[in-house]
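Dear colleague,

I am passing on the structure below, and I would be glad if you could look it over before reading my notes, which follow directly after it.

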Amino acid sequence: MVEVSTPTWRVFTCDLPDQLAVEVFKLKTIQWLEHFQQFSYLDSNGHTQEPYHKFDLLVGAGCIDALSCNTGQGAFVQLAYFQKQYPQEYIFGYFTYDLKNELENLQSAHEDRHGFPEMQFFVPEHRIELRGNTLTLASATTQPEALYQQIQGLKSKPASFQQGIELQARISREEYLSTIQNIRAEILQGNLYEMNFCQEFFHPAAEIDPYDVFLRLNLKTRAPFSAFYRWHEHFALCASPERFLAKRENKLISQPIKGTIRRGKTEEEDLALKNELYLSPKNRAENVMIVDLVRNDLARSCRAGTVTVEELFGIYGFATVYQMISTVSGTLREDSSAIEAIQYAFPMGSMTGAPKISSMQLIEQLESSRRGLYSGAIGYFAPNGDFDFNVVIRSLLYNQHSGYLSLQVGGAIVYDSVPEEEYAECLLKAERIVEVLRG
């Protein structure tokens, strides 16, 4: 193994006086990130009630060392080697959906319009952690107190008055409805039980300020697994409500989402819609199919008999929707590594279908766009061996060089799916992002 120099970290900790100071510091941190070609900003947005919560905010900025690779280059083997070089460091990064081709006999034939490496991880130069009001700044190159003063000293930028961005659909509504019928026919023939079908809305040459767009998107959605990621001219602006996979000591946790309904305009309507989602036979069927798939995925790396459904059909409220979320956990075997556990579970069942391989084969046939980072995962590995990765949904992918801007949305299709309702659900999921782009 090649020896690498271990960064020497200087650490500064303080308590911010109140929640307003916390929010202001977050806004200034997003502004401060404009100085870096590589960063990862992971925001829980106050969703601290779930038992596996660890950070309110975790940021890595600047780059000491990085790994970028594609399918066919032994991406997961390279990641394991990279991690062993930096066993005491936080490592930030992402997995794209197209890494499926390294894990199974699959391919991605659609044009890659986004340009992200299929896997990208980095050891940051600076790190920011927020737990409650307690702020920790660590730096390998700068006095962290000076870093704190630099961020706090930033003046608010003038409001952005960019021209509204309108996205165009990659496929028409009629094409979408016809494809759903084709999927239902495949299910009727017994080829699969459920499939996640996605469509793309895009702009070929958008001029946006990704920092301003993410800031407004994050304020509007307050999603628990929000992420803002930059690799040179490539940006991911993510307002995800879903956890793909986390590790806490020797425990693996996955929280698949299947089941979506809009929020009500009154308290009574809101409660009625929440109950409707909870009692919906179709949404329960979708959810339990994916829970079973996740249980099987975790069983490949967990001790026999430890995989458990901790919560089934939990209903959680977000800015515009309620989501049905289940929690599956298991105890990692001593002979199975963290990266192997990710490989066995990736891509996540909530974005593929059941059976998983058959669904991914049909996804490639029926979808019109390469997913890339969409329905992949963004997150981090911690020095103690823990990790946490989201599901990249409710997200914009932006290539600042070409101007290509992409929003993909989808949903689980079962035989009982009504095509028109599935299309409406896609628009509901895209609603907040579209509002932000329109200004």
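On helix H7, the face turned away from the buried side carries the exposed residues Glu267, Glu268 and Leu279, where exposed means over 50% relative accessible area, buried under 20% and partly exposed in between (1.4 Å probe, protein chains only). This is a predicted model, in which local features need pLDDT of at least 70 and side-chain atom pairs count only at pLDDT 80 or more, while totals for chains, interfaces and linings use all residues. Residues are numbered from 1 along each chain as its sequence is written, and side-chain values use heavy atoms, with hydrogens and water left out.

The buried residues of H7 are Asp270, Leu273 and Leu277. Seen down the helix axis, they fall within an arc of 65°, so they line one face of H7; the arc is that of the directions from the axis to the C-beta atoms. These buried residues pack against strand S15 (257–262), helix H8 (281–299), strand S16 (308–317) and strand S17 (321–331), contact being heavy atoms within 4.5 Å. Helices (H or I, at least four residues) and strands (E, at least two) are DSSP runs, numbered from the N terminus.

Turning to strand S3 (residues 57–61), 5 of its 5 residues are buried, so the strand is largely enclosed by the rest of the structure. Leu57, Val59 and Ala61 cover one side, and Leu58 and Gly60 the other. S3 pairs antiparallel with strand S2 (residues 38–43) over 5 bridges, pairing requiring at least two DSSP bridges between two strands, and serine 40 stands opposite glycine 60.

Best regards
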